[in-house]
Amino acid sequence: MTSQPAPADAAPRGRRGRPGNDREHVLAVAVALFIEKGYDATSVADLADRLGVTKSALYHHFSSKEELLGLALDDALTALEGVFDEPSGDAGAQLERVLRGAVRVLVEKLPEVTLLLRVRGNGRVEQAALERRRAFDHRVSEVVTRAQDEGMLRPDVDPAVATRLVFGMVNSLTEWYRPGGALDADALADTVLATALEGLRPRPIRAP
């Protein structure tokens, strides 16, 4: 999907741009601009202007605007997929770990996750990202189903619907959460878990 950047000594000095514009910085600025203007409405010229460099200086680091989008989306998706790497244990505990991990990823990679949630499948990079998102949602639904089978969640809720509703809550954090506020990732995850899972717990059987 991406091409390797040319060696540093292959580019003339005049094409280097301002000091500090390394690949990570260029990518971070690109993500912010994609969120601000929309990916389709952002041109390479816009990005070069925001960075204060020439377009040729950008091509020293990245082959295309599409490559920047692909790297940002892959960063967010790889982090989200990584929440399944921990030992599973029982399904209820795994579901809590997945939700807690998803909140942590959102906090740590807020711009990248925000961008991920705004893609609509325009182009091959966005389509591939949406496929990975659907696969992630399917894995969560499977955990919810297992938790229901194990009697840890109420059985009268559709697993796919429950997954959409719970992650709708998690994803909404991108609209209002700002790093450095009163809630850190752990406190935020505690609140999300308490709110999201309470309605999914089995109801106590009342005596007639």
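Visitor: Hi! How much accessible surface does the protein chain have?
Guide: The accessible surface is about 11,600 Å² (Shrake-Rupley method, 1.4 Å probe), and carbon and sulfur atoms hold 52% of that. This is a predicted model, where local features need pLDDT of at least 70 and side-chain atom pairs pLDDT 80 or more, while totals for chains, interfaces and linings use all residues. Residues are numbered from 1 along each chain as its sequence is written, and side-chain values use heavy atoms, without hydrogens and water.

Visitor: How many helices and strands are there?
Guide: The protein chain has 10 helices and 0 strands, taken as DSSP runs (H or I, at least four residues, for helices; E, at least two, for strands) numbered from the N terminus.

Visitor: And what share of the residues is buried?
Guide: Of 208 residues, 40% are buried, meaning under 20% relative accessible area (1.4 Å probe, protein chains only).

Visitor: Which residues of α7 are buried?
Guide: Among them are V125, E126, L130, F136, V140 and Q148. Their cover includes α4 (65-81), α5, α6 (110-118) and α8 (159-171).

Visitor: At what angle do α5 and α7 pack?
Guide: Helix α5 (residues 91-108) and helix α7 (residues 124-149) pack at about 145°, on a 0 to 180 degrees scale between N-to-C directions of axes fitted to C-alpha atoms over the stretch in contact. Those axes are 8 Å apart.

Visitor: Which residues meet there?
Guide: A91, G92, Q94, L95 and V98 from α5 touch V140, V143, V144, R146 and A147 from α7, with contact meaning heavy atoms within 4.5 Å.

Visitor: What follows α7?
Guide: G151 does, and its phi is positive, near 75°.

Notes:
Buried < 20%, exposed > 50% of the residue type's maximum accessible area, 1.4 Å probe, protein only.
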